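Student: Please show me the model, and let us work through some of its pairing and packing by question and answer.

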Amino acid sequence: MSSEQITNLFSDSIRAAIPDGSLKVSEWAERYRILPPQRADRSGPWSNAVTPHLREPMDTVTNPDVEEIDFMASAQIAKTEFLVNVAGYKIHIDPGPILYVAETEDKAQAWSKECFTPTVRVTPELRALVSEGRSRDSENTIFYKTFPGGHIAIVAATSPASLSSRPVRDLLLDECDAYKPTAEGDPVELAEKRTTTFFANRKIIKVTSPRDRETSTIEPAYLSSDRRKYFVPCPHCLEPQVLAWTEGRCCCPKQDPAERCHLKHGFVKWDHGDPRTAYYICKNGCEILPHLKPRMLAAGEWRAERELRRRAGFWINELYSPFVTWPEMAEKFLEKKDDPESLKVFTNTSLAETWDPVTGQINIKDLTDRQESYQEETIPDEILILVVGIDIQRDRIELEIKGYGAGFESWGIKYLVLWGSPAMPEVWDELSKVLTTHFKTTAGRELRIAGAAIDSGDGVHTKDVYKFCRAHGLGIYKIGEKKFRGALTFAIKGANTPGKPLVSKPTKQGRPPIWLYTIGTGAAKDSIAGRLEIKFKEGIPKPGACHFSKTYPEAYFQHLRSEKPVTRIWHGKAVRFWEPLKEGIRNEGLDCFVYAEAALQIYLQKFRVNLRQLQEKAEAERKRIDEERQKANEPPAEPAPPAMVFDPTLEPDDEDEFMIKVRQKRGGRRFIPRTSGNFVTGRDDD
Ligand SMILES: [Zn+2]
Ligand SMILES: [Zn+2]
């Protein structure tokens with residue numbers, strides 16, 4: 001009798017001792033699984049009481065109606081042990097060909113060396129079945145092990161060849177949201193193809209923290225499953241609930257970020273800014289102290305949202321972890337929240353939520369919460385230049401006055417709706433008044449609006465826009481009998497073509513001709529969405545940060561969140577487009593922001609200046625004002641005049657001295673539109 005035959009006999013006798021078919025994975029683990037001593041914190045016999053949330057996901061493995069398990073989970077939920085238990089159960093009770101896939105070769109090796117092999121070594125029933133990997137034993141290596149009735153191959157998602165050879169019945173995909181596409185295609189698909197021979201009894205098990213929303217495979221997989229969530233009862237009011245991190249924001253995986261959740265969630269709270277005091281606020285308002293968590297977990301249950309159709313889905317975050325406390329999470333969050341890269345990691349691995357690199361996690365309430373009160377008195381002195389974005393509608397003109405400072409930090413000054421048809425002159429007269437308004441900064445610098453970009457692309461009022469831009473292209477306005485200086489006007493038209501720069505080379509339009517600028521709205525929306533994510537503290541400069549006056553209506557912020565980026569196939573290539581969340585959703589505020597960005601870029605290009613030069617100019621101006629004040633022996637903090645006054649008695653002043661200087665420096669060239677170039681907002685272009 002060969003040694004293999006003996007092993008087979010031995011394993012058969014072990015198998016014979018097992019009540020057939022009725023043993024579940026969680027029962028197997030509690031009866032046989034030993035945690036190796038490497039896990040100093042919890043070695044010894046497996047106990048389901050430590051991780052009660054794993055019982056049902058494990059037991060789903062033996063459910064004949066389940067073909068795929070989609071486990072979308074944070075770190076510290078014992079995902080790895082879950083996979084080791086499944087592998088152990090399969091080897092011992094239900095052997096067949098198993099494929100374990102890790103993100104990289106290093107990780108495949110680590111799983112084998114640090115989790116799987118040590119478990120086999122300390123668990124007698126497994127040690128009897130799996131022979132030890134020895135270099136001379138070609139059958140058993142750290143990447144490949146045989147056992148009676150099957151084998152387990154441990155491979156990396158980076159190696160397409162190993163993903164597409166022998167047939168596999170049980171497929172374990174570990175951290176599959178982190179897999180990178182290979183030349184042969186998506187590693188998950190390649191691995192899944194290997195299970196087709198066993199389609200009647202195969203098990204595909206995906207266990208991962210989610211990553212980016214656009215490329216995540218676990219989020220769509222979970223959403224197409226029966227969507228189970230772990231409900232734990234509040235120890236005070238006993239109401240079962242899904243644990244969430246933030247007040248007022250749903251954490252559940254969603255098809256669409258704008259989707260409404262039907263569950264009410266509680267949140268983690270801490271007092272006096274001290275994360276060590278963190279506790280949980282139940283959805284009914286009860287305060288739950290951290291030491292009550294184990295009791296809640298033990299009494300928890302998975303509830304499915306939908307009927308089971310061959311895919312069982314589980315979603316759980318770190319708030320449930322038996323190994324991490326809420327105060328520890330709060331500390332981690334405070335460390336990571338201000339840097340988008342770190343916040344992304346926290347969002348993925350602690351909250352088990354996908355991260356959208358563009359729309360991120362900012363919602364309308366976050367934006368309205370940070371509105372500032374600067375409009376009341378005067379505009380912030382950090383502002384170096386004022387521009388306006390103008391959206392033309394059938395019965396009104398909507399516009400936004402925006403200030404920009406160093407590093408493209410922006411301040412929304414005022415959002416206005418001027419009612420009246422653009423076919424009639426009245427509404428344009430109103431617009432002229434706005435565009436000739438002068439502002440004062442807190443340090444007393446006077447600023448007028450430098451440039452205004454007007455959308456001509458609606459097809460109805462294109463001629464009216466050209467006419468207005470032709471009359472005010474040089475920033476001279478005639479109101480009544482008097483002439484005033486105001487914003488230079490630029491006619492623009494949006495293009496939702498992927499990859500188009502924010503401002504393209506202008507073309508001549510109409511007679512007499514004016515310049516028409518094409519605006520890459522996608523580029524602008526990407527840039528804006530990214531910058532809306534930037535957190536800042538009032539009064540501390542932060543490049544790219546977006547400030548808004550508290551006079552802004554809530555509708556404006558709804559507009560900012562009215563579109564989402566989608567990836568579509570365009571000319572055979574996957575590209576990104578911005579699309580409305582719903583048909584007919586209002587988006588004028590977003591358009592005005594885009595046009596204000598365009599106005600700034602066109603102005604800077606036209607005069608070949610950059611924000612740094614404007615900053616130098618502002619410095620000089622501040623100095624001059626200080627000196628004047630000292631001369632007049634004035635107290636420096638005089639009450640500031642209202643910020644937005646249209647003063648009809650204002651005389652037209654001479655051409656801006658600064659611009660003359662700039663022109664002299666550049667050899668007398670004037671108003672030369674830059675005819676090429678790719679402009680990226682959010683970065684100074686010097
Ligand atoms: Zn409660
Ligand atoms: Zn929810």
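Tutor: Two strands pair if DSSP finds at least two bridges between them. Helices (H or I, at least four residues) and strands (E, at least two) are DSSP runs, numbered from the N terminus. This is a predicted model, in which local features need pLDDT of at least 70, side-chain atom pairs count only at pLDDT 80 or more, and totals for chains, interfaces and linings use all residues. Residues are numbered from 1 along each chain as its sequence is written, while chains are lettered from A and ligands numbered from 1 in the order in which they are written.

Student: How many helices and strands are there in the protein chain?

Tutor: The protein chain has 686 residues, of which 42% are buried (20 or more other C-beta atoms, placed from the backbone, within 10 Å of a residue's own; exposed is 12 or fewer, partly exposed in between). Its secondary structure comes to 20 helices and 28 strands.

Student: What share of the contacts with a separation of 6 or more is between residues 24 or more positions apart?

Tutor: Two residues are in contact if their C-beta atoms, placed from the backbone, lie within 7 Å. Of the contacts in the protein chain with a separation of 6 or more, the share from residues 24 or more positions apart is 71%.

Student: Which residue of β25 stands opposite K493?

Tutor: Strand β23 (residues 488-495) is joined to strand β25 (residues 514-520) by five bridges, and the two run parallel. In β25, the residue opposite K493 is T518.

Student: Is β23 enclosed or open, and how many of its residues are buried?

Tutor: β23 also has a partner in strand β20 (residues 446-455), with five bridges in a parallel run. Between these two strands, A452 has T489 as its bridge partner, and G451 is opposite L488. β23 is largely enclosed by the rest of the structure, because its buried residues number seven of the eight.

Student: Which residue of β20 is the bridge partner of G389?

Tutor: β20 is mostly covered, with seven of its 10 residues buried. Strand β16 (residues 385-392) pairs with β20 in the parallel sense over five bridges. In β20, the bridge partner of G389 is A453.

Student: What is the phi of G444 in the turn between β19 and β20?

Tutor: Strand β19 (residues 438-440) is joined to β20 by three bridges and runs antiparallel to it. One bridge partner pair is H438 with R448 of β20. The two strands form a hairpin with five residues between them, and the phi of G444 in the turn is positive, about 95°.

Student: Which residue of β12 stands opposite V268?

Tutor: β11 and strand β12 (residues 279-281) run antiparallel and are joined by three bridges. The residue of β12 opposite V268 is Y280.

Student: At roughly what angle do the axes of α4 and α5 cross?

Tutor: Axes are lines fitted to C-alpha atoms, for helices over the stretch in contact, and angles run from 0 to 180 degrees between N-to-C directions. The axes of helix α4 (residues 79-93) and helix α5 (residues 105-122) come within 10 Å, and their crossing angle is roughly 40°.

Student: How many nonpolar, polar and charged residues does the contact of α4 with α5 have?

Tutor: T80, V84, A87 and G88 of α4 make the contact with C115, F116 and T119 of α5. Ala, Val, Leu, Ile, Met, Phe, Trp, Tyr, Cys and Pro count as nonpolar, Asp, Glu, Lys and Arg as charged, and the others, Gly among them, as polar. By class the contact has four nonpolar, three polar and no charged residues.

Student: What is the omega of the peptide bond from R511 to P512?

Tutor: Most peptide bonds are trans. P512 is in the loop between β24 (507-509) and β25. The bond from R511 to P512 is cis, with omega near -10°.

Student: Is E175 buried or exposed?

Tutor: E175 is in the loop between β7 (170-174) and α8 (187-193). Its phi is positive, near 50°, though the residue is other than glycine. With 22 other C-beta atoms within 10 Å, E175 is buried.
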